[in-house]
Amino acid sequence: MKNTLEITPLKSWLDTGDKPLIIAGPCSAETEEQLVSTAHLLANTGKVNILRAGIWKPRTRPGEFEGIGSIGLEWLKRAKEETGLLTATEVATAKHVEEALAAGVDVLWVGARSTANPFTVQEIADALQGVDVPVFVKNPVNPDLSLWIGALERINRAGIKKLGAIHRGFSSYEKTAFRNEPMWDLAIQLKTACPNLPIINDPSHICGNRELLPYIAQKAMDMDMQGLIIESHIDPSVAWTDAKQQVTPAALAELINHLTLRKADSDNPSFEDKLAELRSNIDKLDDLIIQKIGERMKIAEKIGEYKRDNNVTILQVNRWDEIVQKRTKLAEALSLGSEFATKFLELIHNESIRKQNAVMNSQEQPTAEA
């Protein structure tokens, strides 16, 4: 079901031409010289639309650098005056909103920790009542699409129509190459639920290191996201926060120059005809797959009846292990990803168990003769 957010199109309030929106700047405003110098270098690249800088930094543990505070807003103002760049910062309380707006900050964003707390989001939304300012909402720390959409709805109901989302990845207990797992499927689900909502990608927080930034940035463009928010510092080696994921303005410009930008569609008739043909083939195959899964579940129901009549448990671990081993090998031979194959088999298995469980409990067990 489509969401009914009232959104002002991105291009109506910020014209980036045919290029993606680029928001860049240091993770934290550290000193006036650091922020203003970085801003000048970013502006000179001609690639950046908005200067970002963290003024208040929510840290995991007390005692860490928690931002320079309100004085940093004056530095942002100076950077804007000298470079012409719009400015953006994160807000986490009503006081943050009031101070940022009073200082002339052009764009606000709600951080991942704040998005996860509806009370915090509502406080921010209340402070935004009657204000016409663009607001971006980062995904919550944990993979919860409802929380993400709920935060967007709260901000939208406060009258904010210049609204966007930031995909910055999600926490995961599994150790991977990423600081935060991209979980692209959740970004796709948000795009499907809110098709008119601009979504930009935050490769800095997904990667956690600068080496992976080009890969994630390109994938975001290929996923038809409207832009990027990337942390850039005049000298990342001495950055007070998140040094490993920040890049110099020159490196940022190089990254952007190497992005391949693709269109969402084409006006080439032959392309459209061929695409329609291929999609028709996919539709037929999808119908066939669904039919075959339906047939499989009918057999699962019969197995459930047989197990019920013979007092046998539903779950057979050895059989499940056998299925996984055989089918994942087949999937690998067919050039299908092992992660996809495993998830697909788990979905099939869970539905099969649900079907068998329904059969098991659909009627009383035969009673033993007295």
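**Figure 1. Cysteine 194 counts as buried, because its relative accessibility is 1%.** In the terms used for these views, a residue is buried when its relative accessible area is under 20%, exposed when that area is over 50%, and partly exposed in between, with a 1.4 Å probe and protein chains only. The model shown is predicted, so that local features need pLDDT of at least 70 and side-chain atom pairs count only at pLDDT 80 or more, while totals for chains, interfaces and linings use all residues. Residues are numbered from 1 along each chain as its sequence is written, and side-chain values use heavy atoms, with hydrogens and water left out. The structure holds zero disulfides, a disulfide being a pair of cysteine sulfur atoms within 2.5 Å. Cysteine 27, for its part, is in no disulfide, and the nearest cysteine sulfur, which belongs to cysteine 207, is 14 Å away. Cysteine 27 also counts as buried, because its relative accessibility is 0%.

**Figure 2. The chain is divided into domain 1, residues 8-256, and domain 2, residues 267-359.** These bounds come from an automatic or database domain assignment. Taken over C-alpha atoms, the centres of domain 1 and domain 2 are separated by 40 Å, and the C-alpha atoms of the chain fill a box of roughly 90 × 60 × 40 Å along the principal axes. The chain has 14 helices and eight strands, where helices (H or I, at least four residues) and strands (E, at least two) are DSSP runs, numbered from the N terminus. Of its 370 residues, 43% count as buried. An unreviewed UniProt entry places the annotation "domain: Chorismate mutase" on residues 269-360; such positions are given in the numbering used here, feature names are shortened, and annotations may be inferred rather than shown by experiment. Over residues 269-360 the chain is 88% helix and 0% strand, with its end C-alpha atoms 55 Å apart.

**Figure 3. The largest pocket holds about 870 Å³ of space.** Its lining is made of 30 residues, of which Arg296, Ile323, Arg327, Leu345 and Ile348 lie nearest its centre. Two or more lining residues come from each of helix H12 (269-309), helix H13 (317-333) and helix H14 (338-360), and the most come from H12, which gives 10 residues. On a 1 Å grid over the protein atoms alone, a pocket is an open set of points with protein on both sides within 12 Å along at least five of seven lines, a cavity is a set where a 1.4 Å probe fits but cannot get out, and lining residues have an atom within 4 Å of a point. Grid points are joined across faces, edges and corners, and a volume is the space filled by probe spheres set on the points. Sorted by class, the lining of the largest pocket has 21 nonpolar, four polar and five charged residues. Here Ala, Val, Leu, Ile, Met, Phe, Trp, Tyr, Cys and Pro count as nonpolar, Asp, Glu, Lys and Arg as charged, and the others, Gly among them, as polar.

**Figure 4. The second largest pocket has a volume of about 640 Å³.** It is lined by 23 residues, and those closest to its centre are Lys11, Asp18, Asp224, Met225 and Gln226. Its lining has 12 nonpolar, four polar and seven charged residues.

**Figure 5. A search of the whole structure finds one cavity of 30 Å³ or more.** The volume of the largest cavity is about 40 Å³, and the residues that line it are Ala187, Ile188, Lys191, Ile199, Met223 and Met225. Helix H8 (residues 184-193) gives the most to this lining, with three residues. By class, five of the lining residues are nonpolar, none is polar and one is charged.

**Figure 6. Aspartate 224 has a positive phi of about 65°, although it is not a glycine.** Most residues other than glycine have a negative phi. Aspartate 224 sits in the loop between helix H10 (213-222) and strand E8 (227-231), and it counts as partly exposed because its relative accessible area is 32%. Aspartate 242, also not a glycine, has a positive phi of about 50° and is found in the loop between E8 and H11. Aspartate 242 counts as buried, because its relative accessible area is 18%.

**Figure 7. Threonine 260 lies in the loop between helix H11 (249-257) and H12.** It counts as partly exposed, because its relative accessibility is 37%. Threonine 260 and asparagine 281 are 21 residues apart in sequence, and in space they are 28 Å apart from C-alpha to C-alpha.
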